[in-house]
Amino acid sequence: MNPKIIELVKEYIIENYSYQYATLITGSYAEGKETIYSDVDVIIFTTERIQKIIKTLNYKGITLQLIIFSVESIEYTLYEDFLSNKGVYIGMISKGFILLDPHHFLKHLKEYTTALKENGCIILHKAYKPLQEYVICLA
């Protein structure tokens, strides 16, 4: 991935989302398939209780597509994603590039989403003990 893009995204996140818990670049940039027309897809996890926010903006010449949601809601979001047979967030997270992850949340979440893609549905808190402290169990 382009180091300039990484630094610009990191700069934007630190300046505007100091409360972020973890941040992931996903989509074409994370997969190395970007074109000159590609936006940079960024998932920002926060510990604040918020509903999912999706917004697009321009920052220093790059288009950012931000998806912001609560760490607390990740298990439910992935559960719905799996049951709908869409796998949108499962795919985005499993293929993502970890940008900021001081608590190792994304490291474990990527392992979990990869296992979901390969093995089917498993309860998050039972599958990956390191994630227990981050999520609410549905079962």
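**Notebook: salt bridges, a pocket and a surface patch**

I started at Glu 11, which is partly exposed, with a relative accessible area of 28%. A reminder to myself: this is a predicted model.

**Entry 1, Glu 11 and its partner.** Which residue forms a salt bridge with Glu 11? I found Lys 60 there, with the closest N and O atoms 2.5 Å apart. This pair links distant parts of the chain, 49 residues apart: Glu 11 sits in helix α1 (residues 3-16), and Lys 60 in the loop between β3 (53-59) and β4 (62-70). I then looked up the cover on Lys 60 and got a relative accessible area of 57%, so Lys 60 is exposed.

How many salt bridges does the count come to? My tally gives 4. Next I checked Arg 49 and Glu 72, whose side chains meet in a salt bridge at 3.1 Å, N to O. Is Arg 49 buried or exposed? Arg 49 counts as exposed because its relative accessibility is 68%. Glu 72, at 30%, counts as partly exposed.

I also noted Glu 31 and Lys 33, whose side chains meet in a salt bridge with an N to O distance of 3.6 Å. Glu 31 is partly exposed at 35% relative accessible area, and Lys 33 is exposed at 58%.

**Entry 3, the largest pocket.** I looked up the space in the largest pocket and read about 180 Å³. Which part of the fold gives the largest share of the lining? Helix α3 (residues 74-83) does, with 3 residues. Among the lining residues I listed Thr 77, Glu 80 and Asp 81, along with Ile 50, Lys 52, Phe 69, Lys 86 and Tyr 89. Sorted by class, the lining has 3 nonpolar, 4 polar and 4 charged residues.

Last, I turned to the surface, where Tyr 76, Tyr 79 and Leu 83 form a nonpolar patch. Together these three have about 310 Å² of accessible area. Where does Leu 83 lie? I placed Leu 83 in helix α3. Leu 83 has a relative accessible area of 51%, so I logged Leu 83 as exposed; the cut-off for exposed is over 50%.

Methods: Residues are numbered from 1 along each chain as its sequence is written. This is a predicted model: local features need pLDDT of at least 70, side-chain atom pairs count only at pLDDT 80 or more; totals for chains, interfaces and linings use all residues. Side-chain values use heavy atoms; hydrogens and water are left out. On a 1 Å grid over the protein atoms alone, a cavity is a set of points where a 1.4 Å probe fits but cannot get out, and a pocket is an open set with protein on both sides within 12 Å along at least five of seven lines; lining residues have an atom within 4 Å of a point. Grid points are joined across faces, edges and corners, and a volume is the space filled by probe spheres set on the points. Helices (H or I, at least four residues) and strands (E, at least two) are DSSP runs, numbered from the N terminus. Ala, Val, Leu, Ile, Met, Phe, Trp, Tyr, Cys and Pro count as nonpolar, Asp, Glu, Lys and Arg as charged, and the others, Gly among them, as polar. Patches are made of residues with over 30% relative accessible area and no salt bridge: like charges are joined within 9 Å, nonpolar side chains (Val, Leu, Ile, Met, Phe, Trp, Tyr) within 5 Å. Accessible areas come from the Shrake-Rupley method with a 1.4 Å probe; for residues, only the protein chains shown count as cover. Buried means under 20% relative accessible area, exposed over 50%, partly exposed in between (1.4 Å probe, protein chains only).
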